[in-house]
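Colleague: Could you take me through this model, beginning with the overall fold and then turning to particular side chains?

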Amino acid sequence: MAISIAVLDCDLLLHGRGHKTLDRFNLDSVSEEFLLAQFGFPRHFILYLVELLKECLCRPTQRSRAISPEVQILAALGFYTSGSFQTSMGDTIGISQASMSRCVSNVTSALVEKASQFITFNRDTAIREQTSQEFQRVAGLTGVLGVLDCVQVSIKAPNSEDSSYVNKKGFHSIGCQIVCDARGLLLSAETHWPGGLKGVEVLEGSALYKQLQETQEGYLLGDSRYPLKTWLMTPVACPQTPAEFEYNLAHAATHEIVDRTFRAIQTRFRCLDGTKGYLQYSPERSSSIVLACCVLHNASLQSGLDAWTLERTDPLEQPETLEQKPEDRDLQAEEMRQQLILKHPS
């Protein structure tokens, strides 16, 4: 005898038909303080996200009670900013933890689709000139187009015996290569690299590396883990002259912007903060979540929100110094750096 199996709506079972869910929730019915405390963003930005993503989030579904774009976005923001699918968050917006997970997946995919719209290394001459002037006001270095770093985001150990995700500190992570401008706006974000790779290995395999080969004017700043290139200025390994010391100080003050930027991102999006735990997903899904948070960071900056409001103040780690073979030296880059040192105001 065949047994019929009913597919039940877990939100309906959890809350019943009379439960007030946010499918019919009016954002105007709660205070700004409530939205900031629960979801990390003000009302106007949440409404902006609803308009931006609603087409992606209103795709056809087989479920009898499709969750509105507003609820999906609130669920995802609640997770990104708390790092938790806690029952209390589901209760706040009137959905189950299983539905919370689906919402996060949907919103993450929608944000990743928008990545190229919000994160771009602009080739426009006027914009690059403005970026260079903003960097020059930081510590006097001329020609800087962005600051580069490779950061680690903790993830759970992949199911396979893959040691490529074990970083130098011994925990599993994905490597995320980012470049930002003087305001903390991300110009590039590649978030899919195994944590066991060195920063220079990530750079050489990245789409950014190929793009920078064509750079004729200006350069990025990278720390001592990276090789000196005509498009990538690094600190002087063993400064001897006052001018070299001054250059290194200016380099450190300017490069610190990328460290501050990622600390601010981790503080706002606590799901990325390794001190609170790790992303409990596959490397592929973790990579998408990190990129989604990067898109939100840029979108919020472009909407007038402050990048540094929530910045952590952890002490900076000293990077390892890349040991370059004599045959790998770029003499043209060394000459460029020397000219930069001589031109830098003491």
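The questions and answers below concern a predicted model.

Colleague: How many helices and strands does the protein have, and what share of its residues counts as buried?

Modeller: The secondary structure of the protein comprises 13 helices and five strands. Over the 346 residues of the protein, the share that counts as buried is 49%.

Colleague: What is the geometry of the aromatic pair of Tyr209 and Trp231, and what is it called?

Modeller: The whole structure holds seven aromatic pairs. For Tyr209 and Trp231, the ring centres are 5.5 Å apart and the planes make an angle of 85°. Since an angle over 60 degrees is the criterion for this class, the pair of Tyr209 and Trp231 is edge-to-face.

Colleague: Where in the chain do Tyr209 and Trp231 lie, and how many residues apart are they?

Modeller: Both Tyr209 and Trp231 are buried. Tyr209 belongs to helix H10 (residues 207-212), whereas Trp231 sits in the loop between strand S4 (219-221) and strand S5 (232-233). The pair thus links distant parts of the chain, with a separation of 22 residues.

Colleague: Which side chain of opposite charge is nearest to Arg337, and how far away is it?

Modeller: Arg337, which is located in helix H13 (residues 331-343), is in contact with residues including Leu228, Met233 and Tyr247, when neighbours within four places in sequence are left aside. Arg337 is buried yet has no salt bridge, and a salt bridge would require a nitrogen-to-oxygen distance within 4 Å. The nearest side chain of opposite charge is Glu334, at 5.9 Å.

Methods:
Residues are numbered from 1 along each chain as its sequence is written. This is a predicted model: local features need pLDDT of at least 70, side-chain atom pairs count only at pLDDT 80 or more; totals for chains, interfaces and linings use all residues. Side-chain values use heavy atoms; hydrogens and water are left out. Helices (H or I, at least four residues) and strands (E, at least two) are DSSP runs, numbered from the N terminus. Buried means under 20% relative accessible area, exposed over 50%, partly exposed in between (1.4 Å probe, protein chains only). Rings of Phe, Tyr and Trp (its six-membered ring) pair if their centres lie within 6.5 Å; planes under 30 degrees apart count as stacked, over 60 as edge-to-face and the rest as tilted. Lys and Arg count as positive and Asp and Glu as negative; His and the chain ends are not counted. Contact means heavy atoms within 4.5 Å.
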